[in-house]
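Reader: I have a new model open on my screen and would like to talk it through. Could you walk me around it?

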Amino acid sequence: MKLKTIEEVSAFLEAVDSCVGDVWLESRYGDRLNLKSKLSQYIAMGALLRDQNEELELFCANREDIGKFLKYFKDISDNWVPCNSILREFIGGSIFYTK
């Protein structure tokens, strides 16, 4: 899950703190910031709040933790999802049919 900016920093960090497993951000250069560390949180938030078009990817070690971050991603139009994508099974318009 890629992030470019976060508008609700305190709510995002509360979500991180409530996670059971590890949560980290990774830059396009391979730098990893463990968000369970307060120092890394400050560095990561600085990178996301600066207007330098920095894009960080969010990872969660525990799959149940992923749902806590979905509200921080912008919705996209269904037109952006290819008709052969597995996502179509959830949003409709799939080209796969069973008889």
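Author: Happy to: in strand 4, Cys60 is the bridge partner of Val23. Strands (E, at least two residues) and helices (H or I, at least four residues) are DSSP runs numbered from the N terminus. This is a predicted model, in which local features need pLDDT of at least 70 and side-chain atom pairs count only at pLDDT 80 or more, while totals for chains, interfaces and linings use all residues. Residues are numbered from 1 along each chain as its sequence is written, and side-chain values use heavy atoms, with hydrogens and water left out.

Reader: In which sense do strand 2 and strand 4 pair?

Author: Two strands pair if DSSP finds at least two bridges between them. Strand 2 and strand 4 have 4 bridges, and their sense is antiparallel.

Reader: Which residue in strand 3 is the bridge partner of Leu25?

Author: Strand 3 covers residues 32-34 and runs antiparallel to strand 2, with 3 bridges joining them. The two strands form a hairpin with 5 residues between them, and Gly30 in the turn has a positive phi of about 95 degrees. In strand 3, the partner of Leu25 is Leu33.

Reader: How many salt bridges does the structure hold?

Author: A salt bridge is a side-chain nitrogen of Lys or Arg within 4 Å of a carboxyl oxygen of Asp or Glu. One of them joins Arg32 and Glu26 at 3.0 Å, N to O. In total, the structure holds 4.

Reader: Is Asp65, which forms a salt bridge with Lys68, buried or exposed?

Author: The closest N and O atoms of Asp65 and Lys68 are 3.6 Å apart. Buried means under 20% relative accessible area, exposed over 50% and partly exposed in between (1.4 Å probe, protein chains only). Lys68 is partly exposed at 28%. At 2% relative accessibility, Asp65 is buried.
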